[in-house]
Amino acid sequence: MTAESDASASDIAANFEEIEGRIREAAEKWERNAADVNLIAVSKRQPVTAVEAALSGGHRLFGENRVQEAQEKWPDLKARYPDIELHLIGPLQTNKAKDAVVLFDVIETVDRPKLAHVLAKEMKAAGRDLPVYIQVNTGKEEQKAGVFPEDADRFIKECRDDLALNVIGLMCIPPVEEQPAPHFALLGKIAARNGLSRLSMGMSADFETAVQFGATSVRVGTALFGARSAP
Ligand SMILES: *Cc1c(COP(=O)(O)O)cnc(C)c1O
């Protein structure tokens, strides 16, 4: 056996039920409306059969972290299920921006001026005004993408005012070795002071904490689909 996901369709259906239930319970506990928390099923490095199982169960909201992998997997599925909403949740190179704008419905990882400029240009060229999130590097980790918290206000303003990007929210990935709560709280604070209502935060290990701190979408992969294949 490899580490590759071998979750059956019925395992995956049961996992969706469990995770959706836990989101509902967390929402209830923190006096939030469960309908305000969307579950983004992160299907990166999962077989198409796993995605098919989720689609058969009625799920339509997915996240992928690489443009090239998504291009191999999603055009056929999107043709069959036109109501799929596909989010890019991984770092985007400027030379892939054009392809990303065609394939994805929401881009969650706008993290630097150069990318913001290229995206604005490519959206205009493609006639697609995609909603975007600004990724904030709340832990100021060197290897991680995202604008630093102290630069976020200025960057959000640049994206909105100078580039007319449709900025709808903020996204973060807390450092793995730290408690996520302060990072989620910080993201919420930056969003609030910039009048942004959406927060994409929380993964398999911490989505309930993210719900507590106001997540409007959680990005869950392994808890739904099982272990991923190696990169
Ligand atoms: C892979 C990934 C996830 C999902 O992580 P799990 O721990 O498998 O739930 C969420 N967000 C981003 C940005 C990812 O790259």
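This briefing walks through a pocket, a ligand site and a few individual residues. The model is predicted, so local features need pLDDT of at least 70, side-chain atom pairs count only at pLDDT 80 or more, and totals for chains, interfaces and linings use all residues. Residues are numbered from 1 along each chain as its sequence is written, and side-chain values use heavy atoms, with hydrogens and water left out.

**The largest pocket**

- The largest pocket has a volume of about 630 Å³; a pocket here is an open set of points, on a 1 Å grid over the protein atoms alone, where a 1.4 Å probe fits, with protein on both sides within 12 Å along at least five of seven lines.
- Its volume is the space filled by probe spheres set on the points, which are joined across faces, edges and corners.
- It is lined by 27 residues, and K44, I173, V176, M203 and R219 are the closest to its centre; a lining residue has an atom within 4 Å of a point.
- By type, the lining splits into 13 nonpolar, eight polar and six charged residues, with Gly counted as polar and Asp, Glu, Lys and Arg as charged.

**Around the ligand**

- Residues surrounding the ligand include V42, K44, I89, M171, I173 and R228, each with a heavy atom within 4 Å of it.
- S204 brings a polar side-chain atom to 2.5 Å from an oxygen atom of the ligand, a polar contact (a pair of N or O atoms within 3.5 Å).
- The backbone takes part too: a polar backbone atom of G221 is 2.8 Å from a ligand oxygen atom, and a backbone N or O atom of T222 lies 2.8 Å from an oxygen atom of the ligand.

**Two buried residues**

- N65 sits in the loop between β2 (61-64) and α3 (67-80); helices (H or I, at least four residues) and strands (E, at least two) are DSSP runs, numbered from the N terminus.
- N65 counts as buried because its relative accessibility is 19%, where buried means under 20%, exposed over 50% and partly exposed in between (1.4 Å probe, protein chains only).
- Leaving out residues up to four places away in sequence, N65 touches K44, L88, I89, G90 and P91, a contact being heavy atoms within 4.5 Å.
- M123, in helix α5 (residues 113-126), is buried at 4% relative accessibility.

**Positive phi in loops**

- E31, between α1 (9-29) and β1 (38-42), has phi near 55° and is exposed at 75%.
- K140, between β5 (131-135) and α6 (149-162), has phi of about 50° and is partly exposed at 42%.

Conventions. A polar contact is a pair of N or O atoms within 3.5 Å; within protein, one must be able to donate a hydrogen and the other to accept it, and residues adjacent in sequence count only if both atoms are side-chain atoms.
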